[in-house]
Amino acid sequence: MNNLKRPKKRGLLPEAVQKLAELAKGNLTYGVVFDEHGETLPGVQVGSGKAVTTTNVFGIYTIDVKAGETLNFSFIGFKHYAIKVGAKKRVDLTLKVEGTALNEVVVTGYGTQKKENMTGAVMRVRGVATLQSAPVAASAIYGSRSADTSFFAMAGEDKSATLRQEIESFKNKKQNITARTNFNELAFFYPQLLTDAKGEIKIEFTIPQSLTRYKMMGFAHTKDLKTASITNELVTQKQLAISINAPRFFREGDTILLSAKLNNLAGKNLVGNATLELTDALTAKPIQIFGANERTEKTFEVDDAGNTVLKWTLIIPSGISAITYKVLAQSGKFSDGEENTIPVLANAMLVTESMPINVRGNTSKTFDFEKLEKSSASKTLRNQSLTFEFTSNPVWYAVQALPYLMEYPYECAEQTFSRFYANSFATGIINSSPKIKTVFEQWQNTNNGQALLSNLEKNQELKSILLEETPWVRNADNENERKKRLAVLFDLNRMTYELKNNFEKLEKMQFNNGAFPWFNGMQEDRYITQHIVMGMGQLKKLKLIDEKAYPNFNAMLNKAIIYLDAEIVKDYKDEVRGKRFAYLPLHYLFARSYTNQKNTTADFTKAKDFYLKKLVANWKTFDTYQLAQTALVLNRNGNNVEAKKIMTLLNQTAQQHDEMGMYWATNKAGWWWYQSPIETQALLIEAFDEVANDTKAVEEMKIWLLKNKQTNDWQTTKATAAACYALLMKGTDLLSESNEPEIMIGNQKLADLQQPNATKEAGTGYQKLTIAGKDVKPEMGKVQIKNNNKTIAWGALYWQYFEQLDKITPANTGVKIKKQLFIQKNSTKGDILTPLTATNILAPGDLLKVRIEIYCDRDMEYIHLKDMRSSCFEPVNVISRYKYQDGLGYYESTKDASTNFFISYMPKGTYVFEYPLRVTHAGNFSNGITSLQSMYAPEFTTHSAGIRVNVK
């Protein structure tokens, strides 16, 4: 029998060979059906008695029969065969074409829109891509399926197309399939629609080509404001649909298993072929990036109302910026396609490494940027630039922070006085030295006033993100405006007028008994009165107020003190009777200590002595701010011995740091009025200067204030004025320091590397040098500086280079970062986190938890944290929003290739960020790095090491 000869199996695919090997181990009868050309035939009916089956997509069948039974093979267009089963389990067959094959015809009709089931608005859906050569309209009604084509048979013929027709049509007639390309999420939006004479609204729009479910929402109203709303759903679907599970991006060097899902709504089983075409999105040229032994065309078999998945292995090359994919599927008259473009991210990224530079006054120091010095070891590293910046006298930044508080139409007594206090302070400081005005004029007139730009706007090229992409654009504008308002402080006539106006407002707010309310119309407020008395006393003691210009100044102050003296006597009497415990005496005594107004009444003397003794007995329980206040109060009231004890304790609890100077770890911001780190440090400077007369400690504490200004934007507050006074008016006159530093980069002097016309910023002595990448040498990582001034000087060396993500090593600069990935599994005891290691195997669908630990050794503002992720991960949190976690507030923004965190204020400490990711694709991927940078002081930057992720 010629038909039983084993044919040449040129049509067997590797998957078919594997399937046959598996069947050989079983007990069922199986085989392959071929045509005369050696090609496999899917859909051939094989039966024996009541047992009936068909060959699958590979032409393979399996059936449960016994030896001696007869197998019948039938397929339209081919001759019928019957074979008796022998001892062998495998029975292959070659079918021959029948000479009188049917000439079947398929007529493509047009879908119609039925209106009888619709009420109200009529919607015409147009523009759906057709899959046949003739145009086909689609009809859709809410809640029902949308058919892309309707099929009709000729009279007297079977009304369903045969499987044979579909296969022959696909093999012998490659049709022009139009791929879907419009994947807009919004189908239409019409803000205003009017009814016709029948009260109907007709809406015509082009539906996007996504196969999904759309939600329609409408709101209607009449002229007399009667309202109604409507919500409905529109489903777009096809009888055969293919959709790629595309990542948000590709990354060079990644290997990804790209999957496509096929859905069958045709009402019967479908077999066919699917192809994947890839092109360079810019040149439109085809690219071959498939894995080894990977075929672009795949055969599929999908059950009715079922689905199946096809997969292609892709190796992403370098040098391509975007890849356009087109996937097409066809089974007879059913077809679909999808086309879209995916960006390709470079595996190499621009890395900014920095080395902060701090040099104490009258000292020399050598800095080694070890990573730059050893950079020649990497063959893939490419230098971009080397930037050096240095500020020889940072105290001038305190001048730039001097507040000028503007007028506001509606104000409370506290705000009115704060403006009077701060503006008096600033005016007094600025006019104490003619040099300040000269330097400010140079700031205004040099480089379009660049010196007065916000630190958020400076050094944009050294920052990891543009200012416009952060939530702090307004903050930068505010700081720019504050610095520019310094000019008002130099206008003596204007300042005199404004200060008098503020003073007159305060005068009108004071009650006859001397007290001040919070707002006009409110009752007297003792704390507000003490706050104003303290400020007025400070201005008077520091001689920053012209008493001739304000003849009523002393009268206002005396009235307020008389009121407060009477209140402290009431506190004393109530406390002695045991009625209550007074909380305000320390604040009162501190405010009162700035004036020498006499009060010799017996009750006042008793009350004052009572509370002074109470301070002596209880000061060991006070916090840092209260200790400084108590030391000053006791010292001004003649108890120098106890005051010195307090200063000894403060000295013992202080921390000394080569870079940060002298500070207190407990000096942190809080909710209470006295919990301001800047104001507390300024108060401690006053205590060490006045009580301990310790000039060395004062200079060390001023270093901490300056370093705080380096990484923080001092807002225009009373605390800022106090800090500026402590820096500029206490201890050494730092503004007069103007000696040139001696700087060597590598083996060259800074002057030799600079341009001939290089200039320095007035006052601060700020200078900046940028060396192009081709001129950067490893030995330039060594920097030697001799500071010839008495004040601290600071700067930074920034090294920018391109390197492959997997080869980037971690870096630390006063802030450290550690990133870990955990596999999250559910259990009866809750979520279990397992660290991701080389032995753990990830699979699509797994839930990951990203944990980022940050160790910050100082208070910092305007922090940008960027966590890159691989293309196989999809974020669970896709909505950007403000969050609060473990005492830290931040804004989380999810992008396609990274998750960004914007932290306005990060106090010194350790912080942990966690967020979930879902694994979506198999392959081998670069996961990128996590980087953190202060937008206010970009020299404080750090990043984690790059890692790769394997998904099976």
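**Close-up views of the predicted model**

**Figure 1. Helix α10 passes helix α12 in a left-handed crossing.** The model is predicted. Helix α10 covers residues 526-541, and helix α12 covers residues 585-592. Their axes come within 8 Å and cross at roughly 25°. An angle under 35 degrees counts as roughly parallel, so α10 is roughly parallel to α12. On the α10 side, the contact is made by Tyr527, Gln530, His531, Val533 and Met534. On the α12 side, His587, Tyr588, Phe590 and Ala591 take part. By class, the residues of this contact are six nonpolar and three polar. None of them is charged.

**Figure 2. Helix α5 crosses helix α10.** The two axes come within 10 Å, with a crossing angle of roughly 10°. That makes α5 roughly parallel to α10. The crossing is left-handed. Helix α5 brings Ala413, Glu414, Phe417, Ser418, Phe420, Tyr421, Ser424 and Phe425 to the contact. From α10 come Ile528, His531, Ile532, Gly535, Met536, Gln538 and Leu539. Nine of the residues in the contact of α5 with α10 are nonpolar, five are polar and one is charged. His531 of α10 takes part here, and His531 is also in the contact with α12.

**Figure 3. Serine 424 sits in helix α5.** Serine 424 has a relative accessibility of 4%, so the residue counts as buried. Leaving aside residues up to four places away in sequence, serine 424 touches Leu499, Leu539 and Leu544. One of these, Leu539, belongs to the α10 side of the contact with α5. Threonine 496 is 72 residues from serine 424 along the chain. The C-alpha atoms of serine 424 and threonine 496 are separated by 9.3 Å.

**Figure 4. Phenylalanine 420 and tyrosine 550 form an edge-to-face pair.** A search of the whole structure finds 19 aromatic pairs. In this pair, the ring centres are 5.7 Å apart and the planes stand at 90°. Planes over 60 degrees apart count as edge-to-face, so the pair is placed in that class. Phenylalanine 420 lies in helix α5, residues 413-430. Tyrosine 550 lies in the loop between α10 and α11, the latter being residues 553-576. The pair therefore ties together parts that are 130 residues apart in sequence. Phenylalanine 420 is buried, with a relative accessible area of 1%. Tyrosine 550 is buried too, at 7%.

**Figure 5. Tyrosine 890 and phenylalanine 901 form an aromatic pair.** The pair is edge-to-face. The distance is 5.7 Å centre to centre, with 65° between the planes. Tyrosine 890 lies in strand β40, residues 888-894. Phenylalanine 901 lies in strand β41, residues 898-906. The pair thus ties together parts that are 11 residues apart in sequence. Tyrosine 890 and phenylalanine 901 are both buried.

**Figure 6. Six aromatic residues form one cluster.** The members are Phe417, Phe420, Tyr421, Phe503, Tyr550 and Phe553. Among them, Phe417, Phe420 and Tyr421 also take part in the contact of α5 with α10.

**Figure 7. Asparagine 293 and alanine 305 are loop residues.** Asparagine 293 has a positive phi of about 60°, although it is not a glycine. Its place is in the loop between β17 (270-280) and β18 (297-302). With a relative accessibility of 81%, asparagine 293 counts as exposed. Alanine 305 has a positive phi of about 60° and is not a glycine either. Alanine 305 is found in the loop between β18 and β19 (307-315). This alanine is exposed, with a relative accessible area of 63%.

**Figure 8. The protein chain has 952 residues.** Its secondary structure comes to 19 helices and 46 strands. Of the residues, 50% count as buried. Consider contacts between residues at least 6 apart in sequence. Of these, 72% join residues at least 24 apart.

Technical notes: Residues are numbered from 1 along each chain as its sequence is written. This is a predicted model: local features need pLDDT of at least 70, side-chain atom pairs count only at pLDDT 80 or more; totals for chains, interfaces and linings use all residues. Side-chain values use heavy atoms; hydrogens and water are left out. Axes are lines fitted to C-alpha atoms, for helices over the stretch in contact, and angles run from 0 to 180 degrees between N-to-C directions. Helices (H or I, at least four residues) and strands (E, at least two) are DSSP runs, numbered from the N terminus. Angles under 35 degrees count as roughly parallel, over 145 as roughly antiparallel, 65 to 115 as roughly perpendicular and the rest as oblique. A crossing is left-handed if the near helix is turned anticlockwise from the far one by less than a right angle, and right-handed if clockwise. Contact means heavy atoms within 4.5 Å. Ala, Val, Leu, Ile, Met, Phe, Trp, Tyr, Cys and Pro count as nonpolar, Asp, Glu, Lys and Arg as charged, and the others, Gly among them, as polar. Rings of Phe, Tyr and Trp (its six-membered ring) pair if their centres lie within 6.5 Å; planes under 30 degrees apart count as stacked, over 60 as edge-to-face and the rest as tilted. Buried means under 20% relative accessible area, exposed over 50%, partly exposed in between (1.4 Å probe, protein chains only).
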